[in-house]
Amino acid sequence: MAEQEKYLFRAEKICKSFGTVHALKEFDITIKAGEIRGLVGENGSGKSTFSSIVAGIQKHDSGKMYLDGQPYEPTGTVDAINHGVSMVVQEQGTISKISVAANIFFGKEEKFAKGGVLNVKEMNREAAKALQNIYVDNIKPEMMIDQLSFEDRKLVELARALYTSPKIWIIDETTTALSVAGRELLYKLMKEKRDEGKAILFISHDIEEIMDKCDSLTVLRDGLFIANLQKEEFNADKIRQLLIGRELSGHYYRDDTGVEISKQVVLEAKNVIAGSVQNLTLQLHKGEILGIGGLSDCGMHDVGKVLFGLLKPETGEVLKDQKEPVKSASWAVRHGIGYVSKNRDQESLMLISSIADNICLPSLKDLTPFGPISDRKQKQLAEKWSERMEVKADSVKVFCNTLSGGNKQKVVLAKWLGKGSDIMILDCPTRGIDVGTKAAIYQLIMQMKEEGKSILLISEELQELIGMSDRIVLLRDGAVSGEFLRNEGLTEAKLIQKMI
Ligand SMILES: Nc1ncnc2c1ncn2[C@@H]1O[C@H](COP(=O)(O)OP(=O)(O)OP(=O)(O)O)[C@@H](O)[C@H]1O
């Protein structure tokens, strides 16, 4: 048997450059049938570039790929799907202004067309099957995709990817877009597909998750293959060291306990009903890190929107300093409130603009109090925060649409840290961020707290909530279901009890 035939998929010496950036340098990887292979590496190490080449989204410059022992050179995504390769992308992968069913069958509509007329009923019926295949019954095929939450749109992407029963399923940093329940569903599907003899390439920054769910892993650093490990060789410290290229020292989360919370309330919601928020009463105190958690649809992401003025209360009010109503998002920015949305590409970044323009956007008024914008000051601010957040790019002039997912997230954080807002609403701030930078973000959050800033930390990561919050408020069905003060005995199980 030829060497490549032992594997369902094999890539050899894959190279890909974008101008002067060498995203992949002679990268090799193999995946067997019935294997879940993890792909790990720091932000910008080339994971999405590689997976998008396999999925036919872009072409490599050189190197060879084999599928089922045959040379594999997809001419595009449709060709990749026809060869049995499907991918769920890191960013939002659905198309706005069309239905769920139209998203699932985008590019394959001819399957439901007769005499040039689309049989929508038939397409909806088939879409319902695709959703049932992944055990989802709350999303209806005829719904407009824009009605769905970020998480539900990811589920539609899962349904689309699995509808064709792919031989290779690529999952690019998808878990962080999902709630606890969504993740469990994804893991169940991964196991099912593996047991059916399919191959799965699973990308994640969560080392524990990789160790738990994968059979083997490949480490990528700066576009280079670094190591392959089999399950029995997995060790968290070893993996971190391999992907960063040095030992990671220091504590990940803060280690103080028994902190005092100031009585001064800086931001509050009083009996608010808005979106998925039901009768919410919540107070954020000065210098406090207030963690917000819960299951999917508990309303936690809408809490951030309500407090930032993006979502208007139908009843109740949102007050700053217990007196001034938060009128709108622009009012909030002018009054020292910053907001990092979970939906980075749609709500937090101008993708077709430079890193510098994005970082400076909320600070323009501060940079130009008396006259025209100073290019020098703008560059200084952008460079300072881009360096502090370790954004990987040749310069701050680079456009955000060319950055890796994690580096885009760093720009979003840099933008609000540069503005120096007194209140920061962070919705999943470490989504897609690698372990090294994650530690730096936690340090920055602590620094903000020490400077007297107040932080609302909305997170799907229970460990992150326990590790960083002074106080944790849990939500169920849009209302507060439990509250915990920081203490040594706090466990995930205790939080989960209040979430379900
Ligand atoms: N279209 C593009 N134009 C220019 N540079 C690009 C483009 N796409 C990717 N890059 C660069 O290629 C490198 C690898 O990016 P890639 O998205 O593959 O990283 P990644 O490992 O997936 O990172 P992350 O964990 O942050 O998602 C980065 O330096 C990125 O800026």
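1. Strand β13 (residues 265-274) and strand β16 (residues 315-320) of this predicted model pair in the antiparallel sense over five bridges. One of the facing pairs puts Ile273 opposite Thr315 in β16. As background, strands of a sheet pair through backbone hydrogen bonds, either parallel or antiparallel.

2. β13 also pairs with β14, again in the antiparallel sense, over six bridges. Here the bridge partner of Val272 is Leu280 in β14. The hairpin of β13 and β14 has two residues between the strands, and in this hairpin Gly275 takes a positive phi near 55°.

3. Which strands make up the open sheet, and in what order? Four strands form the sheet, in the order β14-β13-β16-β17, with antiparallel pairing. At the edges stand β14 (277-285) and β17 (324-325); each has a single partner strand, so one side of each is left without a neighbour in the sheet.

4. A parallel pairing is found elsewhere. Strand β6 (residues 85-88) and strand β9 (residues 168-172) run parallel and are joined by four bridges. Met87 stands opposite Ile170 in β9. Both faces of β6 are covered: Val85 and Met87 are buried on one side, and Ser86 and Val88 are buried on the other.

5. Helix α6 (residues 180-195) has 16 residues, and its first and last C-alpha atoms are 23 Å apart, close to the 22 Å expected at 1.5 Å a residue. Its buried residues include Gly182, Arg183, Leu186 and Lys193. Seen down the axis of α6, the buried residues fall within an arc of 100°, so they line one face of the helix. On the other side of α6, Glu184, Lys188 and Asp195 are exposed.

6. With 14 residues, α14 reaches 20 Å from its first C-alpha to its last, close to the 20 Å expected at 1.5 Å a residue. Leu381, Ala382, Trp385 and Ser386 are buried in α14. Down the axis of α14, the buried residues fall within an arc of 120°, so they line one face of the helix. Arg376 and Glu387, on the other side of α14, are exposed. After α14 comes Glu390, whose phi is positive, near 55°.

7. Lys140 lies in the loop between α4 (120-133) and α5 (150-163). Why does Lys140 count as partly exposed? Lys140 has 14 other C-beta atoms within 10 Å, and a residue is buried at 20 or more such atoms and exposed at 12 or fewer, so this count falls in between. From C-alpha to C-alpha, Lys140 and Met211 are 35 Å apart in space, and they are 71 residues apart in sequence.

8. The ligand is surrounded by 21 residues, of which the closest are Phe18, Ser48, Thr49, Ser404 and Gly406. The elements that give two or more residues to this shell are β2 (21-31), α1 (47-54) and α15 (405-419). By class, the shell has four nonpolar, 14 polar and three charged residues.

Key. Residues are numbered from 1 along each chain as its sequence is written. This is a predicted model: local features need pLDDT of at least 70, side-chain atom pairs count only at pLDDT 80 or more; totals for chains, interfaces and linings use all residues. A residue is near a molecule or strand if its C-beta atom, placed from the backbone, lies within 6 Å of it. Ala, Val, Leu, Ile, Met, Phe, Trp, Tyr, Cys and Pro count as nonpolar, Asp, Glu, Lys and Arg as charged, and the others, Gly among them, as polar. Two strands pair if DSSP finds at least two bridges between them. The expected span of a helix is 1.5 Å times one less than its number of residues. The arc is that of the directions from the helix axis to the C-beta atoms.
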